[in-house]
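Me: Hi! I have a protein structure open and I'd like to walk through it with you. Can you help me look around?

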Amino acid sequence: MNRTRILGIETSCDETAAAVVVDGHEVLSSVVSSQVDLHARFGGVVPEIASRAHVELLTPVVARALVEAGIDDDHVDAVAATVGPGLIGALLVGVSAAKTLALVWGVPFVAVNHLEAHLYAALLEDPDLELPVVVLLVSGGHTLLVLMEGHGRYRILGSTIDDAAGEAFDKVARYLGLGYPGGPAIDAIAMAGDPHAIAFPRAILDESYDFSFSGLKTAVVNHVRKHPDVATEDVAASFQEAVVDVLVTKARRAAQEHGARALCLAGGVAANSQLRERLLDACVADGLRAFLPSRSMCTDNAAMVAAAGWYRLQADGPSPLDTGASPNLRLVST
Ligand code: KG4
Ligand code: ZN
């Protein structure tokens with residue numbers, strides 16, 4: 001039986017990543033080089049610095065992914081790269097490299113949507129995942145509640161009307177002086193705090209599946225201004241509790257309403273300890289399966305790109321070599 005080895009490339013934001021995955025689920029290698037140290041002193045990702053760093057890092061990262069996979073470049077069957085959404089300059093580095101390698105090696109190039117790649121992170125670790133599944137995709141740039149009805153068949157049930165969940169974590173962490181990226185910092189410090197110390201608002205927005213986090217962010221700022229001696233651990237824990245409450249409540253309701261058999265987490269915020277624990281509890285209570293990709297699969301990586309690329313290749317065949325980078329690409333059914 002033919003096994004399709006796909007080299008995945010991810011450069012949409014501040015991680016330079018390459019991976020080799022067989023048939024969409026067998027990970028032979030997954031290399032991620034984070035630029036977090038380069039951006040930390042600016043308190044966020046600086047697009048121009050990200051693009052330059054991708055140019056420097058991509059060749060060694062791809063080389064390492066091939067070495068760790070134990071294959072030569074003439075054993076790659078296709079090259080998949082994230083074409084969007086993301087930072088235009090950063091995306092262009094990965095897309096140009098992928099198209100060049102595909103052309104030189106004489107193999108197909110596959111254009112991958114970064115959001116679809118996050119959805120496939122769960123399938124990569126559990127290819128037998130039963131559909132339909134409700135996926136809560138929470139990252140630095142996106143907060144989406146998606147009903148995945150089949151491969152490539154998505155219904156966006158809700159999204160954020162202002163900040164993305166990860167963005168809220170990053171902004172609150174920055175205000176609290178916890179550094180960048182804020183999600184892991186809040187997650188860590190919240191362990192020592194009381195999640196019920198401060199009753200921050202939860203934007204439930206009636207029956208809608210949309211999210212809003214900017215009011216919560218303002219409430220944190222106002223509370224700290226009014227109570228300068230408040231314990232940062234308590235603020236972090238109470239903020240996190242409010243975010244997780246809203247995310248889990250809506251994901252759970254969506255799964256019930258749409259008859260999903262499973263709830264699945266995706267995106268960088270899916271690495272959050274409290275979110276993982278609460279979603280698992282909700283699934284046990286509701287008789288649903290919970291799919292929590294390992295933390296390294298939640299944050300940006302290229303194994304998920306290679307996995308999504310494999311499904312895209314089966315469904316659509318190779319992508320044209322004139323496919324460009326699309327910074328505002330959306331998740332749509334095909
Ligand atoms: O998916 P991702 O790596 O990149 C984007 O596509 O945005 O997500 C990055 C986001 C950042 O906002 C980061 O603060 C957040 O994921 N994040 C977390 C945790 N780890 C990463 N948020 C909460 N808790 C965490 N443990
Ligand atoms: Zn991402």
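Predicted model: local features only at pLDDT ≥ 70, side-chain atom pairs only at ≥ 80, totals over all residues.

Me: Good to know. Let's start with the metal: which residues coordinate the zinc ion (ligand 2)?

Reply: The zinc ion (ligand 2) is held by His 114 and His 118, each through NE2, and by Asp 300 through OD. The distances run from 2.0 to 2.1 Å.

Me: And how are those donor residues spaced in sequence?

Reply: The pattern for the zinc ion (ligand 2) is H-x3-H-x181-D. His 114 is in helix α4, while Asp 300 is in the loop between α10 (295-298) and α11, so this pair ties together parts that lie 186 residues apart in sequence.

Me: Is His 114 buried or exposed? And what about Asp 300, buried or exposed?

Reply: His 114 counts as buried because its relative accessibility is 7%, and the cut-off for buried is under 20%. Asp 300 has a relative accessible area of 15%, so Asp 300 is buried too.

Me: OK, switching to the other ligand. How many residues surround ligand 1?

Reply: There are 20 residues around ligand 1. The closest are Gly 140, Asp 170, Gly 183, Asp 187 and Gly 268.

Me: Which backbone atoms come up against oxygen atoms of ligand 1?

Reply: A polar backbone atom of Gly 166 is 3.2 Å from an oxygen atom of ligand 1. For Gly 268, a polar backbone atom is 3.0 Å from an oxygen atom of ligand 1. Asp 300 has a backbone N or O atom 3.1 Å from an oxygen atom of ligand 1.

Me: How much of ligand 1 does the protein cover?

Reply: On its own, ligand 1 has 550 Å² of accessible area, and the protein covers 89% of that.

Me: Nice. Now the rings: how many aromatic pairs are there?

Reply: The structure has 4 aromatic pairs. One of them is Tyr 120 with Tyr 311, a tilted pair with 4.5 Å from centre to centre and 35° between the planes. Tyr 120 is in helix α4 (residues 114-125) and Tyr 311 in helix α11 (residues 303-316), so the pair links distant parts of the chain, 191 residues apart.

Me: Are those two tyrosines, Tyr 120 and Tyr 311, buried or exposed?

Reply: Tyr 120 and Tyr 311 are both buried. They also belong to a cluster in which ring pairs link Tyr 120, Trp 310 and Tyr 311.

Me: What kind of pair do Phe 211 and Phe 213 form?

Reply: Phe 211 and Phe 213 are stacked, with 6.2 Å centre to centre and 10° between the planes. Phe 211 counts as buried because its relative accessibility is 0%. Phe 213 is buried as well, at a relative accessible area of 2%.

Me: Which residue lies over the face of Phe 211?

Reply: That would be Lys 250, at 5.6 Å from the ring centre of Phe 211.

Me: Let's change topic to the backbone. Where are the cis peptide bonds you'd point out?

Reply: One runs from Gly 84 to Pro 85, with omega near -5°. Pro 85 sits in the loop between β4 (78-84) and α3 (88-105). Another joins Tyr 180 and Pro 181, with omega about -5°. Pro 181 is in the loop between α5 (165-175) and α6 (182-190).

Me: Why point those out?

Reply: Because most peptide bonds are trans, and most residues other than glycine have a negative phi.

Me: Which residue other than glycine has a positive phi, then?

Reply: Asp 23 is one, with phi near 50°. Asp 23 is in the loop between β2 (15-22) and β3 (26-34), and at 13% relative accessibility Asp 23 counts as buried.

Me: Last one: where is Glu 241?

Reply: Glu 241 is in helix α8 (residues 232-257), and at 8% relative accessibility Glu 241 counts as buried.

Technical notes:
Residues numbered from 1 in each chain as written. Chains lettered and ligands numbered in written order. Heavy atoms only, no water. Phe/Tyr/Trp six-rings, centres within 6.5 Å; stacked < 30°, edge-to-face > 60°. Helix = DSSP H or I, 4+ residues; strand = E, 2+ residues; numbered from the N terminus. Buried < 20%, exposed > 50% of the residue type's maximum accessible area, 1.4 Å probe, protein only. Lys NZ or Arg CZ within 6 Å of the ring centre and 35° of its normal. Donors = N, O, S within 2.8 Å, 3.2 Å for Na, K, Ca; no water. Near = heavy atom within 4 Å. Polar contact = N/O pair within 3.5 Å; in protein donor to acceptor, adjacent residues only side chain to side chain. Areas by Shrake-Rupley, 256 points an atom, 1.4 Å probe, with all protein chains shown as cover.
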